[in-house]
Amino acid sequence: MAVWTHIAHTAVSLPATTVQFGTHGSAPISQSYDHLYLVMSGRWSSAGSEPHRFSVIYNGNTTSADYSNNYLVATSGTVQADRNEGDNLVAFLTTTDFEDDTFAATSLWIPYYSNTANFKQMVSRSACPNTSSTDNEWGMRMTATLFHENTDAIDEIRLVAGGGANFVANSTFDLYGILGV
Amino acid sequence: MAVIEAIASVYMEQDCASVTFSSLGSYKHLQLQISAKSARSVTYTNDDIKLNFNGDTTSTYAYHRMTGEDTTEDADATSSGSYIKVSSIQSDASLSGAANYGGVVVDIFDYADDGNKNTTVMGTSGLTAAPLGKNRVAFFMGMWNNTDDVTSIALAPANGDFIRGSEITLYGIND
């Protein structure tokens, strides 16, 4: 069996508030892999001079208290680290104030997502470039997001644009499964 | 078809000014894996790689990065440059050790999306001197402010040549 398997591709043809892989319980993401890797290229449909942050929801759980994160971020010449309890914001999207046709690039790893013994950690990197060097008009962020409601396997991943707006058309999302030997 | 395929690999048998990949195939995303060192002078222990697409060296690129250099963190941004700064590789064998090359991974997203998007790049790198001296870890990103599909990729050290033994492999990632 191949080490990498492409599980699903979503290209947003119309603005979409949410992109979802699997449905918790009824149509789950295959549990046949060791790890999940999600690659996305996304832009937010609303205005904002700063990068917009989108969120992740696992297994349909929208209780923010079940998530926490720690991140390293730069949106200026100062690199910052911070942590938040009850926060499922994971990565950046460019906004309509950013350079036209420019989409943020994000990769997300969910190691051992089908494990049922441990909480699930996601590690993401996100790049939100712009033709600007002005503080906060660009951004890059590395985030560790912990889902600690329970130790259930992850069988649904929902990415939510948030802020009452959408992922714009041509945003793309690819989910891969990785299986070791 | 495999999800990840090696498109081309270059091992430099001698010092080399630049490397160009011009047959990129049809994939969703591309990834460069780099082990490299440049001939930058003895004052410095690291260098950057200039990344250009489709032979375009006009001021159509922007790049941003955060770095940790020994115990100091920093970030910087360039809004209009003639290349994307791929940060960083090893330099100067006399300071970093003859067998010491910097490691870099660069992801190039949606490089052939039929003109819908500017091309976005994201990567990480690490180089550690041995014995422990000047070190750097970097997280960088860049964009080519052009919606053309990428048909060629050129890489060249910002200062001097790639040193013999440098190696760059280009991978394609399918969807």
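Mentor: Two residues are in contact if their C-beta atoms, placed from the backbone, lie within 7 Å. This is a predicted model, in which local features need pLDDT of at least 70 and side-chain atom pairs count only at pLDDT 80 or more, while totals for chains, interfaces and linings use all residues. Residues are numbered from 1 along each chain as its sequence is written, and chains are lettered from A, with ligands numbered from 1, in the order in which they are written.

Trainee: What share of the contacts in chain B between residues at least 6 apart in sequence join residues at least 24 apart?

Mentor: Of those contacts, 78% join residues at least 24 apart in chain B.

Trainee: Why is chain B called as compact as a globular protein of its length?

Mentor: The globule rule is 2.2 Å times the number of residues to the power 0.38, and the radius of gyration is taken over C-alpha atoms. For 175 residues the rule gives 16 Å, and the radius of gyration of chain B is 16 Å, close to that value, so chain B is as compact as a globular protein of that length.

Trainee: Why does B:Asp70 count as exposed, and why does A:Asp101 count as partly exposed?

Mentor: A residue is buried if 20 or more other C-beta atoms lie within 10 Å of its own, exposed if 12 or fewer, and partly exposed in between, with C-beta atoms placed from the backbone. B:Asp70 has 10 C-beta neighbours inside 10 Å and therefore counts as exposed, whereas A:Asp101 has 18 and therefore counts as partly exposed.

Trainee: What makes phi of B:Asp70 worth noting?

Mentor: Phi of B:Asp70 is near 55 degrees, a positive value in a residue other than glycine.
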